[in-house]
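Please open the model in a viewer and keep the sequence panel at hand.

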Amino acid sequence: MTESHPPSTSSEPGEPCGASGLSVLDPPGFPGPAAGPAVEQAAGPAGELTGPGDGTAADEPADPAGDRTAPTPSVQDRLAGRLSDFTSLHEHTGLLARARGLAATLDTVLASGTALLGARRALLVTALPGGGPSQPVGYGLDRASLGSLETVPPEQSLVARLLREHDRPAQLSSRDLATDPAIGPRLRELAAHLGLGGCYGLPLATEEEGPLAAALWFYDEPAGPTERQRELARRYCEVAAPLLAKQLEAEKVRRTTEALRRGLLPDRLPQPAGLRLAARLVPAGLDHSCGSDWYDAIPLPDGTVGLTVGSVSGDGPGAGPGSAPGAAAAMGRVRAALRAYAVLEGEDPVSVLGDLELLLKTTEPTRSATAVYAWVEPEDRRITLAGAGHCPPVLVTRYGAEFVETSLSAPLGMLSCWEAPGVELTAGRGDTLLLYTEGLARRCGPTLHAGQANLRRAAADAPRDVRIDPDRLCAHLLAVCPDPDAAPATDDLMLLAARFA
């Protein structure tokens with residue numbers, strides 16, 4: 001195992017070439033071709049420059065006695081090789097720049113490094129905020145192989161060396177992991193078992209962030225990269241490190257935001273006698289979200305239950321992604337108010353939504369919301385509900401699935417006065433009431449109405465063992481309904497299921 005560290009001093013840039021020579025300019029920090037005979041342009045009659053392709057004697061082989069020197073094949077080969085290297089590096093950094101999201105960036109780093117080094121398999125581990133490695137990402141390595149490599153003790157781990165804050169090697173290289181005496185016994189054993197031959201590793205680090213990740217590339221046989229391949233891989237990782245830093249920061253923000261949004265929703269659902277509840281939420285990223293959805297199941301003092309789903313739009317009609325964080329905060333306030341109204345007058349869904357309308361206009365005048373609220377008596381299986389500009393619920397029975405048609409009504413906060421009649425129905429034993437938000441319906445088809453129809457059809461066609469389990473039914477609908485060709489979701493995907501025993 002060889003371990004090299006970056007030099008303590010940097011070389012000074014060379015002097016520019018004189019006027020009589022042709023200089024090949026390399027990107028900053030990228031060494032030019034090996035020293036060789038200069039490629040010069042000779043002066044023709046009257047001081048004119050002559051060169052290849054102009055029909056002069058410059059096209060002829062140089063006369064040994066003359067003062068013109070023809071380029072030697074070795075220099076041409078070096079120039080062609082260097083141009084090929086630049087082209088390859090440009091292609092792979094272009095792929096990296098187009099990667100979207102942390103997972104795609106990690107996969108691209110592994111795949112491009114594998115191509116540049118001529119390796120077959122790879123492993124990458126990012127550094128956790130508090131220190132230490134995260135879960136590994138593999139290329140050409142299955143889950144079992146990744147799990148086996150995680151059992152290598154830290155003192156033998158190549159990844160741990162590349163993630164050091166101090167005394168971090170610039171690269172690691174071993175031509176044969178299975179026989180290298182500098183490798184720990186556990187890693188040698190795994191290398192022989194997994195068929196890992198040579199290995200080459202690089203850190204991905206920046207001066208500001210320190211070590212971000214460690215990447216290892218493996219050969220199937222005892223081998224190693226050439227110096228040219230190493231140079232390409234090092235330059236690639238220098239470009240990849242700052243891009244990876246941005247993706248890691250964005251992922252951190254996304255996870256924090258998602259945790260906060262989930263914290264505004266119930267951490268668990270009640271399970272009252274005679275009713276089984278389940279819910280699913282797939283939040284849209286705040287970078288392209290247009291609102292924030294809620295769901296809730298509220299146990300009421302008389303043993304009944306209030307069920308609700310809804311969505312708060314940003315800063316008014318047509319609000320875009322920039323207003324999504326504010327919509328998330330408003331969603332938390334609206335949901336808390338609705339819980340209070342449900343406890344006070346939950347048996348009257350129209351009054352609950354009317355009170356919510358008044359609150360929205362008073363405290364959130366630039367926002368609007370759609371909502372459906374259902375008051376449920378589990379013992380009698382009676383449902384009374386009202387909707388405000390919301391998608392109609394779906395009742396799933398043993399005979400199929402049908403919409404619970406609420407009357408047409410405007411979203412809350414859109415008109416001077418909101419009004420809508422309530423709807424009453426009685427469910428059968430084993431029936432399931434599905435409440436969902438518009439984001440899910442729009443992801444199920446090219447239009448809102450087509451998406452609603454597809455959602456109803458998917459619920460009706462679900463296998464019997466899925467329909468009788470509300471949790472499995474939610475998972476099934478989220479798996480089969482969203483259109484794979486649809487654009488990235490700009491709304492949360494929300495679903496609440498209540499099955500009567």
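This is a predicted model: local features need pLDDT of at least 70, side-chain atom pairs count only at pLDDT 80 or more; totals for chains, interfaces and linings use all residues.

**The whole chain**

Residues are numbered from 1 along each chain as its sequence is written, and side-chain values use heavy atoms, with hydrogens and water left out.

Of the 501 residues in the protein chain, 46% count as buried; buried means under 20% relative accessible area, exposed over 50% and partly exposed in between, with a 1.4 Å probe and protein chains only. Contact means heavy atoms within 4.5 Å. Among the contacts of the protein chain with a separation of 6 or more, 67% are made by residues 24 or more positions apart.

**First stop: the sheet of 6 strands**

Select E1, E4, E5, E6, E7 and E8. They form an open sheet in the order E1-E6-E7-E8-E4-E5, with antiparallel pairing; two strands pair if DSSP finds at least two bridges between them. At the edges lie strand E1 (2–4) and strand E5 (137–139), each of which pairs on one side only. Neighbouring strands of this sheet are turned by 15° against each other on average, direction ignored. Axes here are lines fitted to C-alpha atoms, for helices over the stretch in contact, and angles run from 0 to 180 degrees between N-to-C directions.

Within this selection, strand E6 (residues 171–174) and strand E7 (residues 199–206) run antiparallel and are joined by 3 bridges. Serine 174 has cysteine 199 as its bridge partner in E7.

**Second stop: the sheet of 5 strands**

Next, select E9, E14, E15, E17 and E18. This open sheet has the order E9-E18-E17-E14-E15, again with antiparallel pairing. Its edge strands are strand E9 (275–282) and strand E15 (400–403), each pairing on one side only.

Now focus on strand E14 (residues 394–397), which is joined to E15 by 4 bridges in an antiparallel arrangement. A hairpin of 2 residues links E14 to E15. On its other pairing, E14 meets E17 in the antiparallel sense over 3 bridges. Which residues are the bridge partners of leucine 395? Glutamate 402 is its partner in E15, and leucine 433 is its partner in E17. With side chains displayed, Val394 and Val396 point one way from E14, Leu395 and Thr397 point the other way, and all are buried.

**Last stop: the cavity**

Finally, select Arg261, Arg262, Leu265, Leu281, Pro283, Ser292, Asp293, Met331 and Asp492, which line the largest cavity. A cavity is a set of points on a 1 Å grid over the protein atoms alone where a 1.4 Å probe fits but cannot get out, and lining residues have an atom within 4 Å of a point. The volume of the largest cavity is about 30 Å³. Helix H6 (227–263) and strand E10 (291–299) each supply at least two residues of its lining.

Notes: On a 1 Å grid over the protein atoms alone, a cavity is a set of points where a 1.4 Å probe fits but cannot get out, and a pocket is an open set with protein on both sides within 12 Å along at least five of seven lines; lining residues have an atom within 4 Å of a point. Grid points are joined across faces, edges and corners, and a volume is the space filled by probe spheres set on the points.
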